[in-house]
Amino acid sequence: TFYCDSTCQQVHWPEHKEMHKQARKAVAVQVDPELRRKAAQMLASGQTFDTWSPLGWFVFQGNLDMCTALLACGAEVDELTSEHHAPPFRIACQEGHEHIALLLINHGCDIHRVDEGGTTSLMVACQFGRAGVAALLVDKGANLEQANNDGFTPLYAACESGHLKVA
């Protein structure tokens, strides 16, 4: 398990190097004008993707460039992606999109948000075996001891789902 902040200059292995490359790109590079235009149109028109908000959809797809464009155009970082979906950060944690999780953190998302069952994004990352995202959350202050409404902790979620590497 690894994680270091966006100023890290170390290269532990290729996946680590790529995550930082993508995160730096998202924070440091100007948004492509065509993507910015498309993002602005989506937000202005209220466009959805099969009930998903544009940001939620592109987080799910792992499209860092479009997520960056949408955030630059004012997409709400913590909005629910639809009536039945989680906020974008929760989706990034579930899908293991570390670079997008870092982008959302850098745009001020609430990493401590819980759903109606008391489940945190850290629990979701652990349940789905997303070690890199789990490490990122712990580094950013997520509570390892916080239990959901059923009394389950992130460690329990990892072990119950067979993700001992995350535990």
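Residues are called buried when their relative accessible area is under 20%, exposed when it is over 50% and partly exposed in between (1.4 Å probe, protein chains only). The structure is a predicted model, in which local features need pLDDT of at least 70 and side-chain atom pairs count only at pLDDT 80 or more, while totals for chains, interfaces and linings use all residues. Residues are numbered from 1 along each chain as its sequence is written, and side-chain values use heavy atoms, with hydrogens and water left out.

The protein chain contains nine helices and zero strands; helices (H or I, at least four residues) and strands (E, at least two) are DSSP runs, numbered from the N terminus. Of its 167 residues, 44% are buried. The chain exposes about 8,700 Å², of which carbon and sulfur atoms supply 50%; accessible areas come from the Shrake-Rupley method with a 1.4 Å probe, and for residues only the protein chains shown count as cover. A contact means heavy atoms within 4.5 Å. Among contacts between residues at least 6 apart in sequence, 64% join residues at least 24 apart.

Confidence is given as pLDDT, the predictor's value for each residue, from 0 to 100. The chain averages a pLDDT of 80, and 79% of the residues score at least 70. Among the elements, α7 has the highest mean pLDDT (95), whereas helix α1 (residues 14-28) has the lowest (52). Over residues 1-13 the pLDDT is below 50, and this stretch has 29 contacts in the model beyond near neighbours in sequence. For residues 24-29 pLDDT also stays under 50, with nine contacts beyond four places in sequence. Where pLDDT is low, the predicted coordinates should not be read in detail.

Helix α8 (residues 131-139) is largely enclosed by the rest of the structure, because seven of its nine residues are buried. These are Ala131, Gly132, Val133, Ala134, Ala135, Leu136 and Leu137. They pack against α5 (88-95), α6 (98-106) and α7 (121-127). Just after α8, Gly141 adopts a positive phi of about 105 degrees.

Helix α5 is likewise largely enclosed by the rest of the structure, since six of its eight residues are buried. The buried positions in α5 are Pro88, Phe89, Arg90, Ile91, Ala92 and Cys93. Their cover includes α3 (54-61), α6, α7 and α8. Gly96, which follows α5, has a positive phi, near 80 degrees.
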